[in-house]
Amino acid sequence: MLAAPVSRKIQRSIGDFPAVLQVGPETALRKYPMNPASCPLDRLLADIRGCVLCADTLPLGPRPVLRATVTARILIAGQAPGTRVHDTGIPFNDRSGDRLRQWLGIGPEVFYDQGRIAILPMGFCYPGVLPGGGDRPPEPRCAATWRAPLLAALPQLRLTLLVGSYAQAYHLGRRRAPTLTETVRRFADYLPAAFPLPHPSWRNTGWLKRNPWFEDDALPVLRARVSALL
Ligand code: SF4
């Protein structure tokens, strides 16, 4: 399906949803101040599920896929939905999710328990593929608009799993090492609040083979930290 043109649908939405769509992230932060008590999570999630900010660039149109409740103690910060996740509306409902759950040492019933685990990718909608293959990066407008108010509305978070370089760039900023491999290798530097991971895509099987320390040294620490918070 081709990208939907900027349409009357957006114009209608602007009427309902003026701050974010018309003037961008600064106004979004004013709409959702950094005070969880004044920013109910359910209202924020409802606004995100109606967001059409990137409708002009998303190949399958907006369909935000995210999960969160105020009691969540672990945040999985991923990249962006693939086509299967877009189709089902269920995050990590694919082989990447199977591998991530194996890394965490938990099954689907715990992974999808929103009371304990929030799942907020860096882009909530499927961004499409690059001309040469591979997924396009998450829409930058998504994190710029929604991430700060969302994080402020999740006061119980104790651990953020930074899945891939986009999540690491946003959440670690200048604390990130020059490469993803080096950032993940330094996982202990970011504990107890964060744990950087490679993307669990099957495209990264070669990376896992080249870096056996990840399974031998990092995953046992990750599983212990996750288990302590569940
Ligand atoms: S990617 Fe994010 S900002 Fe863009 S339409 Fe989807 S929810 Fe809105």
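Student: What makes strands β1 and β2 a pair?

Tutor: Two strands pair if DSSP finds at least two bridges between them. Three bridges join β1 to β2 (residues 117-119). In β2, Ile-117 is the bridge partner of Ile-74.

Student: What kind of model is this, and how are residues numbered?

Tutor: The model is predicted: local features need pLDDT of at least 70, side-chain atom pairs count only at pLDDT 80 or more, and totals for chains, interfaces and linings use all residues. Residues are numbered from 1 along each chain as its sequence is written.

Student: Why is a stretch called a strand or a helix?

Tutor: Both are DSSP runs, numbered from the N terminus: helices are H or I with at least four residues, strands are E with at least two. By that rule the protein chain has twelve helices and four strands.

Student: What makes β2 and β4 edge strands?

Tutor: The order of the open sheet is β2-β1-β3-β4, with parallel pairing. β2 and β4 (194-197) each pair on one side only. On average, neighbouring strands are turned by 15° against each other, direction ignored.

Student: How do you know whether Phe-92 is buried or exposed?

Tutor: Count other C-beta atoms, placed from the backbone, within 10 Å of its own: 20 or more means buried, 12 or fewer exposed, and in between partly exposed. Phe-92 has 25, so it is buried. Its loop lies between α5 (83-88) and α6 (95-104). Phe-92 also has a positive phi, near 55°, though it is not a glycine.

Student: What makes Ala-188 buried or exposed?

Tutor: Ala-188 has 10 C-beta neighbours inside 10 Å, and therefore counts as exposed. It belongs to the loop between α10 and β4. Pro-192 is found in that loop too. The peptide bond from Leu-191 to Pro-192 is cis, with omega near 5°.

Student: How do you know which faces of β1 are covered?

Tutor: Look at each side of β1 (residues 74-77). Ile-74 and Ile-76 are buried on one side, Leu-75 and Ala-77 on the other, and both faces are covered. In a regular strand, side chains alternate between the two faces of the sheet.

Student: Why is a set of residues called a nonpolar core?

Tutor: The set must be buried Ala, Val, Leu, Ile, Met, Phe, Trp, Tyr and Cys residues, joined through C-beta atoms within 7 Å. The largest such core here has 51 residues. Among those with the most contacts inside it are Leu-75, Leu-120 and Phe-195.

Student: What makes two residues a contact?

Tutor: Their C-beta atoms, placed from the backbone, lie within 7 Å. Leaving out residues up to four places away in sequence, Leu-75 touches Ala-118, Leu-120, Leu-154, Leu-157, Thr-160 and Leu-161. In the protein chain, 71% of contacts with a separation of 6 or more link residues 24 or more positions apart.

Student: Which buried residues does α9 have, and what do they pack against?

Tutor: They are Tyr-166, Ala-167, Gln-168 and His-171. These residues pack against β1, β3, α10 and β4. Just after α9, Gly-173 takes a positive phi of about 55°.

Student: Why do some residues around the ligand count as nonpolar?

Tutor: Ala, Val, Leu, Ile, Met, Phe, Trp, Tyr, Cys and Pro count as nonpolar; Asp, Glu, Lys and Arg as charged; the others, Gly among them, as polar. The shell divides into ten nonpolar, two polar and two charged residues. Near means a C-beta atom, placed from the backbone, within 6 Å of the molecule or strand. Of the 14 residues around the ligand, Cys-51, Leu-53, Cys-54, Cys-125 and Cys-142 come nearest. Helix α8 (residues 140-152) gives the largest share of the shell, three residues.

Definitions and conventions: Axes are lines fitted to C-alpha atoms, for helices over the stretch in contact, and angles run from 0 to 180 degrees between N-to-C directions.
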